[in-house]
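Student: I am new to this structure. Can we walk through it by question and answer?

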Amino acid sequence: MGTCETQSLGVLLLLSWAITIQARSSLYITYKDPSQPVNIRVKELYKLMTLEEKIGQMTQIERTVATPQVLQDYFIGSILSGGGSAPAPNATAQAWIDMVTNFQKASLSTRLGIPMIYGIDAVHGNNNAYGATVFPHNIGLGATRDPYLVKRIGAATALETRATGIPYAFAPCIAVCRDPRWGRCYESYSEDHSVVQAMTDSVLGLQGDIPGDYPRNFPYVAGKNNVAACAKHYVGDGGTQKGINENNTIIDYEGLLSIHMPPFVDSIAKGVASVMVSYSSWNGKKMHANRHLIIGYLKEKLGFKGFVISDWQGIDRITYPPGENYTYSVQASINAGLDMVMVPYNYTGFFSAVKSLVNANVIPMKRIRDAVKRILRVKFIMGLFENPLPDPSLANQLGSQEHRDLAREAVRKSLVLLKNGKPGSQPLLPLQKNAPKILVAGTHADNLGFQCGGWTINWQGSSGQTTAGTTILQGIKSTVDPSTQVVFSENPDANFVRSQGFSYAIVVVGEAPYAETFGDNLNLTIPAPGPSIIQTVCGAVKCVVVLISGRPLVVEPYVPAMDALVAAWLPGSEGQGVADVLFGDFGFTGKLPRTWFKTVAQLPMNIGDTNYDPLFPFGFGLTT
Ligand SMILES: *[C@@H]1O[C@H](CO)[C@@H](O)[C@H](O)[C@H]1NC(C)=O
Ligand SMILES: *[C@@H]1O[C@H](CO)[C@@H](O)[C@H](O)[C@H]1NC(C)=O
Ligand SMILES: *[C@@H]1O[C@H](CO)[C@@H](O)[C@H](O)[C@H]1NC(C)=O
Ligand SMILES: *[C@@H]1O[C@H](CO)[C@@H](O)[C@H](O)[C@H]1NC(C)=O
Ligand SMILES: *[C@@H]1O[C@H](CO)[C@@H](O)[C@H](O)[C@H]1NC(C)=O
């Protein structure tokens with residue numbers, strides 16, 4: 001090569017280098033650079049945003065009103081699936097992924113390309129999704145007293161949620177339910193705040209373990225196999241009078257801080273990304289408008305650095321009737337410290353209310369800045385800017401065998417043995433596997449929907465084979481000796497039971513599924529025909545009763561007739577776990593996470609109360 005050629009090559013190289021630099025500097029955008037610290041990225045992005053884009057980040061809408069056009073026009077920051085809201089009945093993981101991808105592409109195509117965050121009530125597994133593993137509801141997990149199990153369930157739930165392309169779960173519910181008449185009591189791990197506190201390890205499972213040197217109280221989400229979590233409902237949701245949902249929690253400040261607050265302190269220390277505010281009131285003041293407890297306590301005193309989200313139409317319910325004075329609702333909630341609002345339908349009303357209140361200086365810009373920065377902080381920390389789209393390779397995590405095995409283990413550990421043998425006679429459990437002929441009876445023995453409870457496929461749950469799983473009857477059949485004849489009769493008559501020569505009977509009865517307000521119940525009786533099935537069968541043959549319920553029920557009148565009684569709570573999709581323990585492949589280890597009352601007249605009655613006179617005390621549980 002001659003000198004001349006070398007020189008021109010050098011010039012060429014220099015030129016192309018200069019062009020590269022030029023291109024880089026004009027394309028370089030600080031907030032898009034993952035090597036920049038999160039606070040710099042948040043600051044730089046915030047500086048570029050219009051008021052409209054800021055309000056959009058604070059807006060969460062339901063998938064049914066979300067279209068690419070709406071996401072673009074209103075710069076929507078978040079979408080959710082309400083209870084049971086799916087892209088199609090029995091939608092596959094791929095159908096969920098396609099839906100989320102479609103929405104996300106619209107968000108990414110906006111001026112600043114800020115990804116939206118999709119959230120869902122994955123409260124006992126990714127329970128909206130057909131074919132997901134359905135874990136026991138929290139009350140059953142409280143009975144296990146096993147935080148490491150709950151952490152592993154959190155990690156599995158994160159994977160199953162990501163399997164559907166979703167990076168955000170409205171879980172865990174860390175309510176301290178003080179009255180089982182509350183329809184959400186099964187979403188609470190325990191009446192004892194220290195049990196609930198231990199179970200906040202769920203956050204570490206959902207989001208991943210916090211690195212040792214991580215800044216205190218900052219949100220943490222490890223990456224694309226984890227999800228942002230949400231501690232709910234702040235605060236006092238489980239303390240309402242008579243357990244009336246969304247009602248008034250009457251308790252002094254000290255009581256609020258010592259009973260209902262501690263699980264939030266733990267969740268925040270474990271890096272929870274968001275906190276959902278409770279519909280309920282504290283001493284008559286709506287939590288959604290409680291500036292002292294949201295800004296003053298949660299953000300300033302506890303130093304929470306994630307974002308605060310409303311409940312579904314939660315701000316509307318600040319007034320009565322709900323939405324009566326929506327402008328006031330927006331003003332009161334945003335100024336109280338709400339960062340993201342689960343609107344979820346009327347985003348135009350929300351948008352214009354926020355905008356006019358900001359322009360009128362009723363909502364200070366400082367408040368908007370705080371809200372938007374918190375939301376962006378979580379989005380950056382969790383890597384949503386780098387990995388905004390669903391990862392289709394995770395689709396096979398939905399309902400995986402490994403997760404079903406974990407759920408089955410959880411069922412085994414959640415069972416609480418309350419009685420085993422009548423006075424003066426031998427224990428009935430563990431049951432004999434090789435009895436010639438046994439009876440399985442009851443409305444809940446062969447009903448997957450019933451054993452899963454509310455928040456399963458539908459918001460309120462439903463009856464029958466609503467998703468994939470194993471009923472308790474199927475579990476029994478696959479556990480007994482091949483020579484054992486298993487006869488199933490949902491509601492048999494006494495002559496039949498007496499005449500068949502059954503060695504013993506397994507009676508499975510309980511509550512039908514419910515969620516939230518629909519589950520409020522002042523009598524807490526076992527619904528018909530449960531009591532008559534117990535009396536008929538247990539009057540005719542040796543029996544173990546397995547109670548499927550979201551809470552203790554009135555059982556005292558029937559206990560003498562039973563040979564054995566097991567509280568199975570709402571075990572979920574893996575009914576085999578019940579049979580594993582009934583037949584002695586595993587022992588009973590569960591302990592009551594709640595006080596079992598004699599009559600509803602005693603309620604509320606919790607461990608530590610004076611005049612504590614339960615049928616079975618908190619912590620009770622026989623072993624085998
Ligand atoms: C509590 O419930 C009662 C009875 O339904 C109702 O009248 C009252 O307004 C409720 N209170 C709150 C704060 O929701
Ligand atoms: C809405 O509430 C605000 C604040 O309490 C009040 O000033 C205003 O008059 C109310 N508007 C209506 C229509 O009730
Ligand atoms: C949406 O909210 C605005 C503001 O409160 C209200 O004027 C409008 O009627 C609402 N629209 C619907 C469809 O509810
Ligand atoms: C959903 O799956 C269940 C079986 O698990 C089936 O009975 C039902 O018909 C399916 N629904 C639709 C709309 O495909
Ligand atoms: C108990 O309360 C529930 C919920 O209100 C109701 O549906 C049921 O009929 C009541 N049962 C009895 C026996 O009163």
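Student: Where does Trp569 lie?
Tutor: This is a predicted model. In it, Trp569 belongs to a strand that covers residues 564-569. That element is strand 17.

Student: Is Trp569 buried or exposed?
Tutor: Buried means under 20% relative accessible area. Trp569 has a relative accessibility of 1%, so Trp569 counts as buried.

Student: What is the phi of Trp569?
Tutor: Trp569 is not a glycine, yet its phi is positive. The value is about 55 degrees.

Student: Where does Phe75 lie, and what is its phi?
Tutor: Phe75 sits in the loop between helix 4 (68-74) and strand 2 (78-81). Phe75 is also a residue other than glycine with a positive phi. That phi is near 50 degrees.

Student: How does Phe75 count by relative accessibility?
Tutor: Buried is under 20% and exposed is over 50%. Phe75 has 23%, so Phe75 counts as partly exposed.

Student: Which residue does a cis peptide bond join to Pro172?
Tutor: Pro172 is in the loop between strand 4 (168-169) and helix 8 (193-199). The omega of the cis bond is about 5 degrees. The partner of Pro172 is Ala171.

Student: What is omega for the cis peptide bond of Tyr234 and Val235?
Tutor: Val235 lies in the loop between strand 5 (230-234) and strand 6 (248-249). A cis peptide bond joins Tyr234 to Val235. Its omega is about -10 degrees.

Student: How many disulfides does the structure hold?
Tutor: Cys177 and Cys185 form a disulfide, with sulfur atoms 2.2 Å apart. Another disulfide joins Cys538 to Cys543, at 2.0 Å from S to S. Along the chain, the bonded cysteines follow the pattern 1-2, 3-4. The number of disulfides is 2.

Student: Is the disulfide of Cys177 and Cys185 left-handed or right-handed?
Tutor: Cys177 is buried, at 0% relative accessible area. Cys185 is buried too, at 0%. The torsion about their S-S bond is about -105 degrees, so the disulfide is left-handed.

Student: And the link of Cys538 and Cys543: left-handed or right-handed?
Tutor: Cys538 counts as buried at 7% relative accessibility. Cys543 counts as buried at 0%. The torsion about the S-S bond is 95 degrees, and the link is right-handed.

Student: How far is the sulfur of Cys452 from the closest cysteine sulfur?
Tutor: Cys452 is also buried, at 0% relative accessibility. The closest cysteine sulfur is in Cys173, too far for a bond. The distance is 18 Å.

Student: Which residue has a side-chain N or O atom 2.3 Å from an oxygen atom of ligand 4?
Tutor: The residues around ligand 4 are Pro89, Asn90, Tyr130 and Gln465. Tyr130 places a polar side-chain atom 2.9 Å from a ligand 4 oxygen. Gln465 has a backbone N or O atom 3.3 Å from a ligand 4 oxygen. At 2.3 Å, the residue is Asn90.

Student: What share of ligand 3 does the protein bury?
Tutor: Tyr326, Asn346 and Gly349 surround ligand 3. A polar side-chain atom of Asn346 is 2.3 Å from an oxygen atom of ligand 3. Taken alone, ligand 3 exposes 360 Å², and the share buried by the protein is 29%.

Key. Residues are numbered from 1 along each chain as its sequence is written. Chains are lettered from A and ligands numbered from 1 in the order in which they are written. This is a predicted model: local features need pLDDT of at least 70, side-chain atom pairs count only at pLDDT 80 or more; totals for chains, interfaces and linings use all residues. Side-chain values use heavy atoms; hydrogens and water are left out. A residue is near a molecule or strand if one of its heavy atoms lies within 4 Å of it. A polar contact is a pair of N or O atoms within 3.5 Å; within protein, one must be able to donate a hydrogen and the other to accept it, and residues adjacent in sequence count only if both atoms are side-chain atoms. Accessible areas come from the Shrake-Rupley method with a 1.4 Å probe; for residues, only the protein chains shown count as cover. A disulfide is a pair of cysteine sulfur atoms within 2.5 Å. Buried means under 20% relative accessible area, exposed over 50%, partly exposed in between (1.4 Å probe, protein chains only). Helices (H or I, at least four residues) and strands (E, at least two) are DSSP runs, numbered from the N terminus.
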